[in-house]
Amino acid sequence: MSWMEQLVQTYDENERFAGRDNVDGVKVALSPIGYSIHDAWLEVVLRENGEFIDAFELPKEERATPMPCTPYPRTSNAMPHPLFDNLSYVSRDYQKFIENPSSKDRESYGAYKELLAKWVQQEDSPLIVRAVYAYISQHDLIHDLIERKIATEKKIKSKLSSVVRFRIEGHIASWRDKEVQDSYKKIYSSLFYENASKSLCYGLGKMMVTVEKPDTRGIRTHGDGTRLISSNDEDNFTFRGRFVLGKECLSIGEETVQKSMNALRWLVENQGKNVDGRVFLAWGRNSVSIPSVFDDTEGLIHKRRPMEAAQPDTLKMWAQNLHKALDGYRHDFRRAKTSQVNVIILDAVTDKGRLSICYYSEMAGEDFIERIEKWHTAGQWYQRNQDTRDKKNPGWYPPYFGVPSPRKLVYAYRGDNVSDKQLKMELHRIFFSIVQGVPLPADIERMAFSRVVKRAICDPLEKWEHLILEPACSIICNRLNRKKEVYTVALNERKTNRSYLFGRLLAVADQMERETFTAEEKGSRITNAMRYMNIFSSRPVSTWETIHKKLLPYQAKREKYGGKEIALIDEIISMFDDGDFCSNAPLEVEFLLGLSCQRHALRKEREENKKDAMREENK
């Protein structure tokens, strides 16, 4: 089934919500047939009989206005919208304020009035339509604005191409009025396609009224000038000798365009992810909610966790909560008639060119949930997100076990200064891995490994650990655990993998030295283990000799106060297979897992010791 057919069916399944902006969980309303969203500059308030009351310029946040629109593109010919339109269409005295008016300028008001008159002649024409027609037929809007000092002549001249919307005092806003929407839907075909012939719609495979130049702008935002479907004029080399007419290449039904584009705009606004113009969108059919591809594990679970439920605090509890959250989505799919998920990525090179479909896929809802679950379990690791509400003294949110958001992963292996263009390309790759259920690319793993070992002496310890090391471990686990699930954040004291053991050694060496620091030194001094990490990852044996010698003064201090690190170092060294400890070959990615696991185990031990000490004091 084509992406366009899927969008049309999505519209049909949700048409009951069209024009309603009070639907739970929906930020932007689904546009009815014949409607699109434009920025209005001015709001004019009328009485029921069409008398002018007031007008005011709209603040930026209130300008977006769903309005009845013509299905034709605005060309050199006057193509008015039926109710709200530019000042040049709705004002009878428009031509007085321009020099050398063109044929379009001379025809615009007349065409607008004629179209509005056809609506007024309907038996059930809405009150707002009759009021606006009465006003524009008997009054000059620009004159009224200047006379009442609502706008100066200079201001008017700069706003001739700006949209004006109308409202009746004491009545519901006409752009949200269901009566207006239903009335326009009834007359839409008769206004624009009364004598139109039918052709084959390539999108749905049905005979219907087709449109040669569909208006498919405003997909990513309501001001987006790019077109998903475009057609050049018939001059020069448009068809390259293959076709005589454009419709021989592609014929799209007008209703198909309306439904599919309105549905796509609605989905993008409500659940799409826009990164520098590249839109990532996944949606479920029949209004079925689906987990966000861009959520971290904590966010995904939080959306399905009852408000009163406590945050889980163990790896097992996080796994259970993840499975429970995803079971909720599975239940929604089982109740739906169509268990279908569609995934699409849109992007454009320029702001007014063509909008391309970079990726499209359809899959069963169960398959999509399984891929989301695989993503959050294969890369599960200890994580902490930074709380940046206080810019001067950022803190840390409570820890969780899972996978960070795709954006945090990109920052971990690319850095904070990654360009917008690079960010959207990297998010594209991660998005593809998630929805296709495949491991992350190998180069991402290599970049993550390299950045961890190089940034160890550059960043504050907490930032390095929570923003680089832990996300890197998720990336590594994502790849390793697709082959065989053996790596978790829990320390495996029986694992004899060479790189894993060297990681454990470095973590113990770091603690031995760090525990001798004063409170002030812990926030500023760098241990030898961290200082030599980069070269240690390349030449572990020779570098370990250097680190071990530098540990001797700290070893004496730790033994004096009961430190157990030296015994742990001996224990780890004894676990190496024959020859592994003597090999100076570069370490593999398991090095970071061993490092992080050992750090996590030592941290838990310190926390337990503090709790025990407090219990003793309270006895």
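Author: Asp276 lies in the loop between strand S9 (273-275) and strand S10 (278-284); helices (H or I, at least four residues) and strands (E, at least two) are DSSP runs, numbered from the N terminus. The model is a predicted one, in which local features need pLDDT of at least 70 and side-chain atom pairs count only at pLDDT 80 or more, while totals for chains, interfaces and linings use all residues. Residues are numbered from 1 along each chain as its sequence is written, and side-chain values use heavy atoms, with hydrogens and water left out.

The phi of Asp276 is near 50 degrees, a positive value in a residue other than glycine. Most residues other than glycine have a negative phi. Asp276 is partly exposed because its relative accessible area is 43%; buried means under 20%, exposed over 50%, and partly exposed in between (1.4 Å probe, protein chains only). Lys149 also has a positive phi, near 60 degrees. Its place is in the loop between helix H5 (141-147) and helix H6 (153-158), and Lys149 counts as exposed because its relative accessibility is 76%.

From loops we may turn to strands. Three of them, in the order S6-S7-S8, form an open sheet with antiparallel pairing; two strands pair if DSSP finds at least two bridges between them. Strand S6 (198-201) and strand S8 (252-253) each have a single partner strand, so one side of each is left without a neighbour in the sheet. S7 (residues 206-211) pairs with S8 over 2 bridges, and Thr210 has Gly253 in S8 as its bridge partner.

Leu200 belongs to strand S6 and counts as partly exposed because its relative accessibility is 40%. Leaving aside neighbours within four places in sequence, Leu200 is in contact (heavy atoms within 4.5 Å) with Gly205, Lys206, Met207, Thr210 and Ser251. The C-alpha atoms of Leu200 and Asp578 are separated by 74 Å.

A further antiparallel pair consists of S11 (residues 340-348) and S12 (residues 355-364), joined by 9 bridges. These two strands form a hairpin with 6 residues between them, and Tyr360 in S12 is the bridge partner of Ile344.

The interior is described by its nonpolar cores, each a set of buried Ala, Val, Leu, Ile, Met, Phe, Trp, Tyr and Cys residues joined through side-chain atoms within 4.5 Å. The largest core has 90 residues, and Phe368 and Leu592 have the most contacts inside it. Beyond four places in sequence, the contacts of Leu592 include Phe449, Val452, Leu469 and Ile476. A second, separate core of 74 residues includes Ile33, Tyr35, Trp41 and Leu145.
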